[in-house]
Amino acid sequence: MYALLKPLLFSLEPELVHDLVMKGLALTARQKPLLEIVRRYCAVPDSRLEVTAFGLHFPNPVGLAAGMDKNALALPIWSALGFGFAEVGSVTAHAQPGNPPPRMFRLPSDEAIINRMGFNNHGAGMVAQTLGRWQRSHGQPRVPLGINLGKSKITSLEDAPSDYLLSLARLWEYGDYFVVNVSSPNTPGLRELQDKARLEELLGAVMGFVKLQAHAKPLLLKIAPDLSESQLMEILELTDRHGVAGIIATNTTVSRDGLKTNIEQAGGLSGKPLKTRSLEVLRFLRAHSSLPIVSVGGISTADDVRERLELGAALVQVYTGFVYEGPLMMRAITRGLLGPAQAR
Ligand SMILES: Cc1cc2nc3c(=O)[nH]c(=O)nc-3n(C[C@H](O)[C@H](O)[C@H](O)COP(=O)(O)O)c2cc1C
């Protein structure tokens with residue numbers, strides 16, 4: 001069905017389609033009988049797919065990457081569509097509109113997307129309210145919920161730690177794990193938070209908060225694919241020292257290597273062209289660290305997932321693959337992971 005619908009959807013402006021699809025998913029999520037129909041059709045529960053990572057239990061290792069459901073508007077739909085976990089955000093302490101549109105571009109011949117959304121989101125306070133409403137109406141999420149935090153645009157780099165802390169405090173009760181995102185290319189200066197001195201201060205502040213809480217929760221760091229090996233080594237030293245629970249690798253890239261499409265748009269590139277670099281970063285991190293790694297970038301099939309797990313990723317995430325494969329992607333991936341008998 002998605003094959004029929006896709007040409008129509010792809011003829012419309014990408015962000016408009018994203019907003020329409022999110023509205024449809026949010027509506028479906030609110031109608032419990034409809035949600036259960038989606039679950040019966042798309043989710044493939046099987047104990048052979050279950051994994052444990054950083055102290056959490058996942059029904060399968062494939063999660064929704066940050067950026068799709070920034071404001072948790074459709075939260076219960078992600079488990080019904082078959083994802084083993086979902087990451088909402090990036091959420092910033094202050095609500096913000098993001099960059100002016102157009103800011104999302106499809107590159108169909110590359111199965112890629114360029115975006116410069118710029119952390120458009122409702123802000124930590126409002127997202128906390130939305131999560132509270134879902135909890136009251138639907139109970140605890142059926143799969144682990146990650147909350148990805150970014151820096152508000154109006155906050156200076158010097159004040160970044162307090163911006164992340166404000167979001168963390170507002171959202172703490174709702175997340176199963178948290179992500180400090182210092183790797184989006186679309187907030188000026190944000191990636192400088194990956195530099196040693198700034199990251200030292202930021203991780204010190206957020207891990208200080210985590211350690212004060214009655215129940216510790218895992219905090220992960222999301223990194224860019226455009227870092228050098230020496231920068232990666234510095235980051236590993238800091239994550240070890242501060243007790244970070246894992247690394248999400250990677251965010252979108254500023255590189256345009258290997259693109260077939262001739263396009264000059266600023267922003268982060270995701271999807272198939274990111275795959276090679278994302279794999280390289282996974283291999284490097286695996287060789288130099290024992291931390292759990294969530295591998296993301298260019299994944300869309302069961303074979304992609306298998307490759308990452310075999311290379312030592314604890315979990316994987318998908319964004320762009322879902323746009324190109326559609327709502328049955330997780331059914332195909334989970335059946336594919338279970339073997340040829342289930343793949344039909
Ligand atoms: C339109 C769009 C918006 C995104 N927004 C965020 C975000 O807010 N925070 C974040 O950490 N990553 C964000 N990402 C990056 C994804 O989470 C993911 O790291 C990246 O797209 C690579 O995975 P993929 O190739 O499966 O898309 C965004 C990606 C896209 C395409």
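In the predicted model, Ala-249 stands opposite Ser-295 of strand S12. The two residues belong to a parallel pairing: strand S10 (residues 246-249) and strand S12 (residues 293-296) are joined over 3 bridges. Strands of a sheet pair through backbone hydrogen bonds, in either a parallel or an antiparallel sense.

Strand S12 is covered on both faces. In a regular strand, side chains alternate between the two faces of the sheet. Ile-293 and Ser-295 lie on one side of S12, Val-294 and Val-296 on the other, and all are buried. S12 also pairs with strand S13 (residues 315-318), again in the parallel sense and over 3 bridges. Here Val-294 stands opposite Leu-315 of S13. The chain passes from S12 to S13 by way of helix H10 (residues 302-310). This β-α-β crossover is right-handed.

Rolling a probe the size of a water molecule over the atoms shows where empty space is left. The search of the whole structure returns 3 cavities of 30 Å³ or more. The volume of the largest cavity is about 430 Å³. Its lining comprises 32 residues. Nearest the centre of the largest cavity are Ala-66, Asn-115, Asn-251, Thr-252 and Tyr-319. At least two lining residues each come from strand S6 (112-115), strand S11 (268-271), S13 and helix H11 (320-325).

The largest pocket holds about 930 Å³ of space. Its lining counts 32 residues, and Tyr-2, Leu-5, Val-21, Gly-326 and Pro-327 are the closest to its centre. Helix H1 (2-11), helix H2 (14-30), helix H3 (32-42), strand S5 (104-107) and H11 each supply at least two residues of the pocket lining. The largest share comes from H2, with 7 residues.

Terms used:
Residues numbered from 1 in each chain as written. Predicted model: local features only at pLDDT ≥ 70, side-chain atom pairs only at ≥ 80, totals over all residues. Heavy atoms only, no water. Pairing = 2+ DSSP bridges. Helix = DSSP H or I, 4+ residues; strand = E, 2+ residues; numbered from the N terminus. Buried < 20%, exposed > 50% of the residue type's maximum accessible area, 1.4 Å probe, protein only. Right-handed = clockwise from strand over helix to strand, strands pointing away. 1 Å grid on protein atoms, 1.4 Å probe; cavity = no way out; pocket = protein on both sides within 12 Å on 5 of 7 lines; lining within 4 Å. Points joined across faces, edges and corners; volume = space filled by probe spheres on them.
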